[in-house]
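Welcome, and please take a moment to look over the sequence and the 3D view before reading on.

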Amino acid sequence: AGFALDIGHVGPLEEARVPPGATRALPGGGWIQPLGGVDDPGGCVELCLPLERVEQMENPLTGEPLTRIEARVPEKPLTLFISPWQLASDELPAPRPGWCVEGTFLITGRIEGGLVSSAARLGSSFG
């Protein structure tokens, strides 16, 4: 799963930025790029991924609303979580299937399925 730290774009994939060094190599034109600088936190990536499913939920501990997204990556969807208040604060629209989300995410858990081949292809590891 990935937890949003900073969101730069929610909308059509064609309008998302592509950082230097990243290529749109994933299905649907998405990309994942591990943060690798000395001052960067471990386990974080910049990504831009097409959205397949969007679900509104409630955090069972805080009662606050949150958005659960299934993003398209090879072989297996990646679950991402975004706080609606974060989007509202940044004046970004609510995500919807067919759009993409671009931003910085903390990735936690085991990497399985399609992300392994993507990470290996980038020559980097997560966390």
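The report below starts with the whole chain and then visits a few residues.

## About the model

This is a predicted model, in which local features need pLDDT of at least 70, side-chain atom pairs count only at pLDDT 80 or more, and totals for chains, interfaces and linings use all residues. Residues are numbered from 1 along each chain as its sequence is written, and side-chain values use heavy atoms, with hydrogens and water left out.

## The chain as a whole

The protein chain has two helices and six strands. Here helices (H or I, at least four residues) and strands (E, at least two) are DSSP runs, numbered from the N terminus. Read from the N terminus, the order of elements is β-β-β-β-β-α-β-α.

Of the 127 residues in the protein chain, 41% are buried. Buried means under 20% relative accessible area, exposed means over 50%, and partly exposed lies in between (1.4 Å probe, protein chains only). Contact means heavy atoms within 4.5 Å. Among contacts in the protein chain with a separation of 6 or more, 58% join residues 24 or more positions apart.

Let us begin with T67, which sits in strand 4 (residues 65–71). T67 counts as buried because its relative accessibility is 2%. Its side chain makes a polar contact with the side chain of Q56, at 3.0 Å. A polar contact is a pair of N or O atoms within 3.5 Å; within protein, one must be able to donate a hydrogen and the other to accept it, and residues adjacent in sequence count only if both atoms are side-chain atoms. Leaving aside neighbours within four places in sequence, T67 is in contact with residues including V54, Q56, F81 and P95.

Not counting residues up to four places away in sequence, P95 touches V10, L51, V54, T67, I69 and L87. The C-alpha atoms of P95 and I69 are 8.3 Å apart, and the two residues are 26 residues apart along the chain.

## H9 and the cysteines

Next comes H9, in strand 1 (residues 2–11). With a relative accessible area of 12%, H9 is buried. A polar atom of the H9 side chain lies 2.9 Å from the backbone oxygen of P12. Beyond neighbours within four places in sequence, the contacts of H9 include L92, C100 and V101.

C100 is itself buried, at 1% relative accessibility. Another cysteine, C44, is buried with a relative accessible area of 4%.

## The surface

The accessible surface of the protein chain comes to about 6,900 Å², with 51% of it belonging to carbon and sulfur atoms. Accessible areas come from the Shrake-Rupley method with a 1.4 Å probe; for residues, only the protein chains shown count as cover.

F3, L5 and L106 make a nonpolar surface patch of about 250 Å². Like charges are joined within 9 Å, and nonpolar side chains (Val, Leu, Ile, Met, Phe, Trp, Tyr) within 5 Å. L106 is found in strand 6, and at 34% relative accessibility L106 counts as partly exposed.

Definitions and conventions:
Patch = residues over 30% accessible without salt bridge, like charges linked within 9 Å, V, L, I, M, F, W, Y side chains within 5 Å. Salt bridge = Lys/Arg side-chain N within 4 Å of Asp/Glu carboxyl O.
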